[in-house]
Amino acid sequence: LVLLGLLLAAAAAAAAAAAARGDWSPPRFNMSLDTPPSQRWEPLLRKYHLARLKQDMFRVIGNVAPKWVVTIINMLAPVLSFILPQPYGEEIEGICKVLGVKLGEGLLINFAYEALGSCTSIVVQDSRGMICHSRNMDFPFTDILRNVTVDIQFVKNGQIVYKGTTFLGFVGLWTGQKPNKFTITGNDRAKGDWWKTAIAVLLKQNPSPSWLIRDVVQSADKL
C-alpha cells in the first residue's frame, strides 16, 4: 500500500508538471483496417520526415543487433516473408517499401523494443470507484521515441474497433484498448535473449507478444 501510494503520488506530480508545460499526449491518427495491410501505414508515415525515420531506425537497430546479424536477417528475408504471421508480415513489408529499407531491417526494428524494454503497469481504483490503468515505457532512445510515439484508432467500416499506443515502424502494441470493454498492457524485462522470441515468431510461427496484444484487442470482447 505504501508503494502504491508513492506510485500514485509520483504519477500525480508528473501529470501536474506535464500539464504546466503543456499537453504531452502523442498525436492521434486513424488507421483503416479496410485498407490492404501493405498500404495501411503509408498515409501515417508520410506525415513524418521519412529520411529522419529511416536514420532513427538504423540507430536503434545498430544498438540491438551486430552487423553480422543484420546481414543474415536481410539474406533470409525473402524466405521469412512467407512464414510471417499475417497481417503483420504484410504491414512490415509495406512500411519497408515506404521507408526504402530492407525487409530484414523492418523485422529487426519490430523485435528491437522487445530487446530494449523494461516497462511497468499499475491498475488502481479511487474512492469514487473509478479504475485507472497506467503504465510507463522505460525504453532507451527517448530522444527518438518521444518523436515517433503515436496513438492509433484502428477503424473498420467507419467504427473504431480498438485503440493503441505504439511507435512508427512498429506494428505491434504494448498498450491497447477495446473501447468500453477493457485495456491491456504488455511489460517486458529484457534479458538479452530477444532472439528466442524472434526464432519462435519466424520459425514456429508463434505470435510476438506485441502482436498477440493487438490480436486480443481486435477479436476479444472481454478478458
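Five aromatic pairs turn up in a search of the whole structure. Rings of Phe, Tyr and Trp (its six-membered ring) pair if their centres lie within 6.5 Å; planes under 30 degrees apart are stacked, over 60 edge-to-face, the rest tilted. This is a predicted model, so local features need pLDDT of at least 70, side-chain atom pairs count only at pLDDT 80 or more, and totals for chains, interfaces and linings use all residues. Residues are numbered from 1 along each chain as its sequence is written, and side-chain values use heavy atoms, with hydrogens and water left out.

Take Tyr88 and Trp211. Their ring centres are 5.2 Å apart and the planes sit at 20°, so this pair is stacked. Tyr88 is in helix α5 (residues 88–99) and Trp211 in helix α9 (residues 209–219), 123 residues apart. Helices here are DSSP runs (H or I, at least four residues), strands likewise (E, at least two), numbered from the N terminus.

Next, Phe111 with Trp211. That pair is tilted: 6.3 Å centre to centre, 35° between the planes. Phe111 comes from helix α6 (residues 103–116). Ring pairs link Tyr88, Phe111 and Trp211 into a cluster.

Buried or exposed, Phe111? Buried, at 3% relative accessible area. Trp211 is buried too, at 1%. The cut-offs: buried is under 20%, exposed over 50%, partly exposed in between (1.4 Å probe, protein chains only).

Now charges. The structure holds six salt bridges, each a side-chain nitrogen of Lys or Arg within 4 Å of a carboxyl oxygen of Asp or Glu. One of them joins Arg128 to Asp126, with closest N and O atoms 3.3 Å apart. Arg128 is exposed at 69%. Asp126 is partly exposed at 28%. Elsewhere, shared partners join Arg40, Glu91 and Arg214 into one salt-bridge network.
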